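Have a go at each one before reading the solution.

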Amino acid sequence: MFITFVDIDGYKNLKEVFFEPHKKYNLITGKNAQGKTNLLEAIWIMTGCRSFRGSRDRDYIALDRRFMKARIDFAGGRRLQKIDYILSRDNIRDKRISINDIRLKGTRELFESFKCVVFTPGDIDLINEGPEKRRNFIDMCCCQIAPSSLGYIRKYEILLAQRNAALKEIAAGRGDEAALDVWNRQMSVIGTRICNMRKRYTARLDKICRELYGKITSGAEELRIDYCSNIFGRDEEIDIHTAASVDKYYDRLCRCQRDDIRLGFTTQGANRDDISIKINGLSIRDYGSQGQKKSAALVLKLGQADIYYKNIEEAPVILLDDVMGELDESRQELVFDIVKDMQVFITTCNENSVKMLSSGKHFVMEEGRLSERKS
Ligand SMILES: Nc1ncnc2c1ncn2[C@@H]1O[C@H](COP(=O)(O)OP(=O)(O)O)[C@@H](O)[C@H]1O
Ligand SMILES: [Mg+2]
């Protein structure tokens, strides 16, 4: 998959940015606060996901404009496709998004059509922050390779919110404890599926990341990624075809019900999972150096890109926002090696820190305007 044409206007500080990217390698340089990240962000929202910087829809529109419009043409699914994305300040909820001139209702079809992996300096949060970040990351990865997973994840979130509300009602003396069984039953079915999906994905990620991290450290350090479920054991098979795993999950929900009522939330299940990330047997979050954490975060993302590629048999577009310049040569080589068959967009404010390939394009961003630099 690769983008053949980009046309963005009024997205944050971007003004009439239109260009034909190189099929493989695109380097975007410029001083700080010129709009380099904004450009990658505008490409990223074409996946239907929210901004990787946490901006809200309203923030997408340039302060002095009423509209933003973005368009990309891309080769994907063996044909040339087009996405148009228009937001209006006056009616922010009414996103006008279309694929190949067909208006979409939501953003889900974007996610299934335009495939992309973004690397940002914030990826280190995957290591440093709490389990929720890691769960969301794995869920997102699973949705990329099997979009139907999104249905389970959404359903689980709804059931969880309902069960938690019911727990509080019961604690307040307004509900009947027996009514919880409806949620226990449904959550154990969906929860088991989610655990199974996450566990299988994590096993794939472990394999590829171990190999990549080994390359970075010339074999001196071993990275291991493990799925930690509070219901199922580490080596236990999670079987979604027979009742055994669902029954186990259900029993656990029933047994913790009393505690849950007292605490007012669901203390067991997929909503409490984590992914453990260790180097040479030690938790990287607790014991890792800053450099190890950065490398591990990078390797997680490379693993994601690699699995995505192998699964969809079509390379995702890779956005590397401000991460290459920080890497030494051997780490940069590793990144180039993984993404060599993919279209990449690399931003940096220090152009000497990232090598320019002879076959590729170099763009310069200045005050929201992009120009191509011919060598
Ligand atoms: N809604 C907006 N309207 C206009 N300008 C914006 C908006 N949001 C952010 N900016 C501007 O975008 C610039 C930052 O762009 P960014 O892409 O982060 O820069 P870079 O990655 O090149 O360092 C800042 O100058 C900021 O003021
Ligand atoms: Mg930036």
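**Exercise 1.** In this predicted model, work out how the axes of helix 7 and helix 8 are oriented where they come within 8 Å.

*Solution.* Start with the angle: helix 7 (residues 180–216) and helix 8 (residues 244–255) cross at roughly 135 degrees. Angles over 145 degrees would count as roughly antiparallel, and 65 to 115 as roughly perpendicular. Helix 7 is therefore oblique to helix 8. Next, the hand: this crossing of helix 7 and helix 8 is right-handed.

Now list who makes the contact. Helix 7 brings Asn-184, Arg-185, Met-187, Ser-188, Val-189, Gly-191 and Thr-192, while helix 8 brings Ser-245, Val-246, Tyr-249, Tyr-250, Leu-253 and Cys-254. Sorted by class, the contact of helix 7 with helix 8 has seven nonpolar, five polar and one charged residues.

**Exercise 2.** Find which strands pair with strand 1, and in which sense.

*Solution.* Take strand 4 (residues 67–76): seven bridges join it to strand 1 (residues 2–9), and the two run antiparallel. One pair to check is Asp-9, whose bridge partner in strand 4 is Lys-69. Then look at strand 2 (residues 17–19), which pairs with strand 1 over three bridges, in the antiparallel sense. Here Val-6 has Phe-19 of strand 2 as its bridge partner.

**Exercise 3.** Describe the shell around ligand 1.

*Solution.* Count first: 14 residues surround ligand 1, and the closest are Lys-12, Asn-13, Lys-36, Thr-37 and Asn-38. Finally, ask where they come from: helix 1 (residues 36–44) gives the largest share, three residues.

How values were computed:
Residues numbered from 1 in each chain as written. Chains lettered and ligands numbered in written order. Predicted model: local features only at pLDDT ≥ 70, side-chain atom pairs only at ≥ 80, totals over all residues. Near = placed C-beta within 6 Å. Helix = DSSP H or I, 4+ residues; strand = E, 2+ residues; numbered from the N terminus. Axes fitted to C-alpha atoms, helices over the stretch in contact; angles between N-to-C directions. Parallel < 35°, antiparallel > 145°, perpendicular 65-115°, else oblique. Left-handed = near helix turned anticlockwise from the far one by under 90°. Contact = placed C-beta atoms within 7 Å. Nonpolar A, V, L, I, M, F, W, Y, C, P; charged D, E, K, R; others polar. Pairing = 2+ DSSP bridges.
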